[in-house]
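Biologist: I have a chain open in the viewer. Please show me how to read its features, one at a time.

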Amino acid sequence: MTQKRIMLVDDSSMMRLIIRNLLLTDSNLTIVNSAENGKKALEALPTAQPDLILLDLEMPEMDGIEFLRLARSKTKAKIIVLTSVAPAGSSKATLALSLGADAIISKPSGAVSFDLKEARGSELFQVIYKQLGMGNPHVSA
């Protein structure tokens with residue numbers, strides 16, 4: 001299977017590291033870019049050419065909502081919102097979905113979720129694989 005290209009967009013360097021370390025456990029996924037806000041992510045899209053974007057919503061300079069407004073005309077990548085501020089069914093989650101987000105996963109314990117792997121790791125891999133049409137993940141998150 002060809003590795004799928006993932007872009008991480010989160011203003012927290014710690015959260016990007018946590019997500020990166022989790023994704024590195026799956027040899028079918030490769031991280032092609034990491035950005036601390038939507039503006040830098042938009043600038044990197046042409047070079048990175050991700051298959052999937054993991055996107056935070058609350059970020060400085062350009063938040064995830066504005067990124068979604070602009071990104072759909074620039075990429076066909078699947079976009080999974082990984083957020084602490086927009087639980088399923090909230091107005092922000094509904095807005096994100098209407099702007100082109102393909103799925104939303106809540107961070108388990110706030111903006112920096114050190115327990116992401118334990119609390120949502122399996123769910124994250126399941127959603128990534130589903131969005132990318134890859135079947136079932138073969139990792140133990």
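This is a predicted model: local features need pLDDT of at least 70, side-chain atom pairs count only at pLDDT 80 or more; totals for chains, interfaces and linings use all residues.

Biologist: Which elements have the lowest and the highest mean pLDDT?

Modeller: pLDDT is the predictor's confidence in each residue, from 0 to 100. The chain averages 87, and 83% of the residues score at least 70. Among the elements, helix α5 (residues 116–131) has the lowest mean, 80, and strand β1 (residues 4–9) the highest, 98.

Biologist: What pattern does the chain follow along the sequence?

Modeller: Helices (H or I, at least four residues) and strands (E, at least two) are DSSP runs, numbered from the N terminus. Here there are 5 helices and 5 strands. Their pattern is β-α-β-α-β-α-β-α-β-α.

Biologist: Which residues of helix α3 are buried?

Modeller: Buried means under 20% relative accessible area, exposed over 50%, partly exposed in between (1.4 Å probe, protein chains only). In α3 (residues 64–71), the buried residues are Gly64, Ile65, Phe67, Leu68 and Ala71. Seen down the axis of α3, they fall within an arc of 160 degrees, so they line one face of the helix. That arc is taken from the directions from the helix axis to the C-beta atoms.

Biologist: What covers those buried residues?

Modeller: Contact means heavy atoms within 4.5 Å. The cover includes α2 (38–48), β3 (52–55), β4 (78–83) and α4 (91–98).

Biologist: Which residue caps the N-terminal end of α3?

Modeller: A polar contact is a pair of N or O atoms within 3.5 Å; within protein, one must be able to donate a hydrogen and the other to accept it, and residues adjacent in sequence count only if both atoms are side-chain atoms. Asp63 is the cap: a side-chain oxygen lies 3.3 Å from the backbone nitrogen of Ile65.

Biologist: Is Asn37 buried or exposed?

Modeller: Asn37 is buried, at 3% relative accessibility. Asn37 sits in the loop between β2 (29–35) and α2. A polar atom of its side chain lies 3.0 Å from the backbone nitrogen of Lys39. Beyond neighbours within four places in sequence, Asn37 contacts Val9, Met59, Pro60, Glu61 and Met62.

Biologist: What is phi of Glu61?

Modeller: Phi of Glu61 is near 70 degrees, positive in a residue other than glycine. Glu61 lies in the loop between β3 and α3 and is exposed, at 61% relative accessibility.

Technical notes. Residues are numbered from 1 along each chain as its sequence is written. Side-chain values use heavy atoms; hydrogens and water are left out.
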